[in-house]
Amino acid sequence: MMSFRQIVCFILSLLSFISVFYSVGRLALFLAAPVQRNSKDVLLQNLLDDQSLLKVTLFSLLFNAIWIVLFVLQHSFMKTEAVKNVWRKLGLELAERSIYNICSAYCLLILLKNWKTTQSYQLWFVDVQSSSTLWWTFVAAHILSWVVVYAGSLLMDLPEMIGLKQIYYDVNDLAPPMSYKSRELRSLYNRMRHPSFVGLSVVLWITNCMSLDRLLLAVIWTAYMYLSWNTNRTDLEYQKYQLSRKKVELAGVSE
């Protein structure tokens, strides 16, 4: 029989699961959707000379920057020990990961809902509508990148990242799932909690139209990922060792 606390945490974990996959799906569509050539596209010099257009563009970029920074601050602040201690005092330590995911998902949805596209200068534009080969190339790049991200999530224990595994272990009177992982793996998780820096970078930068608002998003999120993922040589050696173990195990199974 689940306790009231476990039921509440279980509901939060389900909401975390739904929120994460819905928000990531919306993000994938937002980043992958091809952009039509803007009829108001201007040269950079013309943008700087046109004061009214420049003000509109800067306002849009500032407005977008607010939501990007909100997401980054939430993503960083809720990982601190101070916030985790609050959940422990409220008896919600089981749902700490779930609450983190829910807040991240809704910050992301707010960003996508309020996003303002700049109707002016474009760094590059590739007309994918006129060539099916180009269109499928962009689509394949995004699909492959998200597959890599999803596969990385599975390798990093997706149920634990979502928050479901913590509830299952607690209901069955087991220690927290993280306590069963090796010291090297826990150390790696402390420095790299998201899978595939390359995959996420590709979906941010591979677009048929790099407008100023899209450039702002790509630069800030790429910089944030780079600064947050501070893995070291020990982490690299650990991953190489685990990869070699998997190869040996797979070779043994095939024989």
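Select arginine 88. Its relative accessible area is 44%, so it is partly exposed. Buried means under 20% relative accessible area, exposed means over 50%, and partly exposed lies in between, with a 1.4 Å probe and protein chains only. A salt bridge here is a side-chain nitrogen of Lys or Arg within 4 Å of a carboxyl oxygen of Asp or Glu. Side chains of opposite charge can pair when their charged atoms come close.

A note on the model: it is predicted, local features need pLDDT of at least 70, side-chain atom pairs count only at pLDDT 80 or more, and totals for chains, interfaces and linings use all residues. Residues are numbered from 1 along each chain as its sequence is written, and side-chain values use heavy atoms, with hydrogens and water left out.

How many salt bridges does the structure hold? There are 3. For the others, select arginine 5, which is partly exposed at 31% relative accessible area. Arginine 5 forms a salt bridge with aspartate 170, the closest N and O atoms being 3.5 Å apart. This pair links distant parts of the chain: arginine 5 is in helix 1, aspartate 170 in helix 8 (residues 164-171), 165 residues apart. Helices (H or I, at least four residues) and strands (E, at least two) are DSSP runs, numbered from the N terminus. Aspartate 170 is partly exposed at 21%.

Show Arg5, Glu93 and Asp170 together, and you have a network of salt bridges.

Move to helix 3 (residues 51-77). Select phenylalanine 59 and phenylalanine 63, which lie 4 residues apart there, about one turn of the helix. Phenylalanine 59 is exposed, at 52%, while phenylalanine 63 is partly exposed, at 21%. The structure holds 7 aromatic pairs. This one is stacked, at 6.2 Å centre to centre with 25° between the planes. Rings of Phe, Tyr and Trp (its six-membered ring) pair if their centres lie within 6.5 Å; planes under 30 degrees apart are stacked, over 60 edge-to-face, the rest tilted.

Now pick lysine 116. It lies over the face of phenylalanine 63, at 5.1 Å from the ring centre.

Switch to a surface view. Select Phe17, Ile18, Phe21, Tyr150 and Leu154: a nonpolar patch with about 500 Å² of accessible area together. Helix 1 (4-32) and helix 6 (132-155) each give two or more residues to the patch. Helix 1 gives the most, with 3 residues. Tyrosine 150 lies in helix 6.

Last, select helix 11 (residues 212-228). Its buried residues include Leu217, Trp221 and Tyr224.

Zoom out. The protein chain has 12 helices and 2 strands. Of its 255 residues, 40% count as buried.

Notes: A charge sits over a ring if NZ of Lys or CZ of Arg is within 6 Å of the ring centre and within 35 degrees of the ring normal. Patches are made of residues with over 30% relative accessible area and no salt bridge: like charges are joined within 9 Å, nonpolar side chains (Val, Leu, Ile, Met, Phe, Trp, Tyr) within 5 Å. Accessible areas come from the Shrake-Rupley method with a 1.4 Å probe; for residues, only the protein chains shown count as cover.
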